[in-house]
Amino acid sequence: MITNLSIIDLINCLFIAAGIGICWLCFLQISSSQHLEKKVQLYFQLFFLLILLYISTHLARQLMDGLPGEGWRVALYAVTFVEILAAGFMAHMMSLLILSVTKPKHATRAIFITLFVLLCTHAAILIVGLFTDCIYHFDEANVYHRSSGYLLSNLCPLAMLAIDIVLLVRHPKCVSRRVLIAFWIYMIAPVIAIVIQSFSYGIQFIIIATVCSAVYMFSVIVRSLNDRYAKQQVESSRIETELNMASSIQADMLPSIYPAFPDRPEFDIYATMDPAKEVGGDFYEFFLVDDDHLCMVMADVSGKGVPAALFMMASKIILANNAMLGKSPAQILTDTNAAICSNNREEMFVTVWLGILELSTGKLTAANAGHEYPVLKKADGRFELVKDKHGFVIGGMNGMKYKEYELQLEPGSKLFLYTDGVPEATDAAQELFGTDRMLAALNENTSVDPEAILKQVRRAVDAFVEDAPQFDDLTMLCLEYRGDVAHA
Amino acid sequence: MLTIQKAIENGNALFTLAGRLDTTTAPELEQAISASLNGITALVLDMAELTYVSSAGLRVLLSAQKAMAKQGTLTIRNVNETVMEIFEVTGFSDILTIE
């Protein structure tokens, strides 16, 4: 059949066979490139398939050229049609790639539509050419000849190329230098090949130029994406380290050494904070304002994560500073609100329950800024919600005033404070833990010490949510008032 | 999950909310409100189908309240018991107009 191959034909076949091999290798390699986005992968797979189609049909035409008979004639027309159509699609994909990286501010849509119209025009020209032989034709011996309108088949791809060049010239900084050079090589190499080809008619330099420059472009883009991925890895591990440090700084800000006041037999206190993320927006606080007054705070910042944690640190310090001045709970909240509102463009807020216990008498003065109801157990009673009067959250609105109220703790009383992470712990079926379940857990055993009370609640929450991920920070505090035992 | 249905007509906007307004969904409402706040004099949030509001959701309501206070009114409608309790506990029931 094809026994009389000339040297030139042989060289062409070698070029094309090598090209097919390289394209397949690249195609397979794309599927195993982990760092490529799915979209980019698909794009390059399509791109290499098109090149494969282009050079395979080119090879097929070379080999079949001049074979006699009607069957070969139909086949020749078909592969030539597909070959030139594939060239148009390749130019179109390249233009889309350049359009997507240059992202021109205006006219992206217009260019997109223009490219599509050019592609359709290209196909239309080829279909007309197929029936009129105005682009290429095969003579009686089935030998390929260009027709007078041959240039028409290059019109649309060249127009797309012109758009590419304009885009790249106008947006030279859109990609790294290396990628930019690869783009230029890919666009210019085939043109140079065509020029060389026209002097040495026969050898198809365009095939090898297209394949090599496409592979080069692909490898440069993959390399630059890999570099970017590696940089992101470094960055995210840095952020992780910082978050871990922030997490321990935040934990250190909360009193966490127990027993907290070993030399004060009048009371026992225990608290825990369990953030949903590395850092959280909940906090508790307790400290002695003076010898006879214990200040307790339970608070919850709106939102979660780093913003909440930063806001939490600021609120905690402002609250503590105000409390240390010996103000009343309502005054502390009013002043803290004023301080936070003066500088709160992000409109964050914090709910706060703040109480001051007079240790000698058991008188608790408290104020509530939008926080959950506290829970009180009288000396010989059960844990019950105290439906106290609520003010507005702190940081929400300037000029808010807060009211305070008093509760009398008898020796044996216990006070339980918590954030909404407890009653709003959610199970897999989206059901809330709720205050009823919380009270039931508290009342399981009311005689144990504060640490055991918190463990009791935590166990109940864990049993309730089971495998559902912890969504909110979980913070609890329990105080047991034993009375002025020293003087009793 | 939160779904927001918007109906806007001559400066009156009605947003019908369904689902949960929490950390993940609050930004959606924030965007929806800020996108259509221009020229609105009466904003109504219908919460009949809203099951839960977290503190992040409250923050969005507070911003909306502050923004609407400058140009008209914000009304909250059909609040269920759970959500009403959240409004009462946090003191939001004092600053919001709830029907």
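The radius of gyration used in these legends is taken over C-alpha atoms, and the globule rule is 2.2 Å times the number of residues to the power 0.38. The model is predicted, so that local features need pLDDT of at least 70 and side-chain atom pairs count only at pLDDT 80 or more, while totals for chains, interfaces and linings use all residues. Residues are numbered from 1 along each chain as its sequence is written, and chains are lettered from A and ligands numbered from 1 in the order in which they are written.

**View 1. Overall dimensions of chain A.** Chain A has a radius of gyration of 38 Å, whereas a compact globule of 488 residues would have one near 23 Å. The C-alpha trace of chain A spans about 125 × 45 × 35 Å along its principal axes.

**View 2. Helices and strands of chain A.** Eleven helices and twelve strands are found in chain A, where helices (H or I, at least four residues) and strands (E, at least two) are DSSP runs numbered from the N terminus.

View 3. A:Asn226 belongs to helix α7 of chain A, which covers residues 205–253. Because 14 other C-beta atoms lie within 10 Å, A:Asn226 is partly exposed; a residue is buried with 20 or more such atoms, exposed with 12 or fewer, and partly exposed in between, with C-beta atoms placed from the backbone. The C-alpha atoms of A:Asn226 and A:Ser33 are separated by 9.4 Å, although these residues are 193 residues apart along the chain.

**View 4. The side of chain A that touches chain B.** In contact (C-beta atoms, placed from the backbone, within 7 Å) are 17 residues of chain A and 13 residues of chain B.

Technical notes
Two residues are in contact if their C-beta atoms, placed from the backbone, lie within 7 Å.
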